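Biologist: Could you take me closely through the aromatic rings in this model, and then through the sheet and the helices that go with it?

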Amino acid sequence: AGKIADAIKSSFGGIKEFNEAFQKAAVGQFGSGWAWLVKGAGGKLEIVTTSNADTPIAHGKTPLLTCDVWEHAYYLDHQNNRKGFLEAWFDALPNWAFADAQYAAAQGQGEAWKYPV
């Protein structure tokens with residue numbers, strides 16, 4: 001729901017298409033890293049992956065949602081099945097309210113999350 005849903009529809013065609021693209025990118029991340037939904041250049045949403053401790057912030061993009069695809073995030077429950085982990089993750093763990101708030105803040109409507117002092 002919210003503006004993030006509209007932006008996902010505009011950028012990817014819908015939540016199903018976003019889910020497929022996000023999972024494809026995350027499964028394709030070689031080794032340790034992250035899959036991200038970000039606000040990129042021109043305000044369009046993008047899916048990016050980063051390795052190790054890299055972050056989209058270092059590349060001028062605003063992170064909205066992320067999934068840890070380091071093996072430690074899923075091995076106990078899914079062993080080597082990263083795709084199975086991502087399917088389960090997508091159904092239960094994304095914090096869409098947070099992503100929507102981050103998206104609004106990235107557009108100058110509200111404040112972005114900041115690490116607590």
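Modeller: Taking the rings of Phe, Tyr and Trp (for Trp, its six-membered ring) as paired if their centres lie within 6.5 Å, the count comes to eight aromatic pairs. One of them joins Trp34 and Trp36, with 6.2 Å from centre to centre and 40° between the planes, and this pair is tilted, the word used here for planes that are neither under 30 degrees apart (stacked) nor over 60 (edge-to-face). This is a predicted model, in which local features need pLDDT of at least 70 and side-chain atom pairs count only at pLDDT 80 or more, whereas totals for chains, interfaces and linings use all residues. Residues are numbered from 1 along each chain as its sequence is written, and side-chain values use heavy atoms, with hydrogens and water left out.

Trp34 has a relative accessible area of 25% and is therefore partly exposed, while Trp36, at 11%, counts as buried; buried means under 20% relative accessible area, exposed over 50%, and partly exposed in between, with a 1.4 Å probe and protein chains only. The rings of Trp89 and Phe90 have planes at 55° and centres 6.3 Å apart, so this pair is tilted. Both Trp89 and Phe90 are buried, and they belong to one aromatic cluster together with Phe12, Phe18, Phe22 and Trp96.

Turning to the sheet, three strands form an open, antiparallel arrangement in the order β2-β1-β3, where strands are DSSP runs of E with at least two residues, helices are runs of H or I with at least four, and both are numbered from the N terminus; two strands pair if DSSP finds at least two bridges between them. Strands β2 (45–51) and β3 (62–68) are the edges, each pairing on one side only, and the twist averages 25° from one strand to the next. Strand β1 (residues 33–39) pairs with β3 in the antiparallel sense over six bridges, and Lys39 stands opposite Thr62 in β3.

Helix α2 (residues 15–28) packs on this sheet, touching β1, β2 and β3, and its direction makes about 15° with that of β2; contact means heavy atoms within 4.5 Å, and angles run from 0 to 180 degrees between N-to-C directions of lines fitted to C-alpha atoms, for helices over the stretch in contact. Helix α5 (residues 96–106) also touches β1, β2 and β3 as it packs on the sheet, with its direction at about 155° to that of β3.
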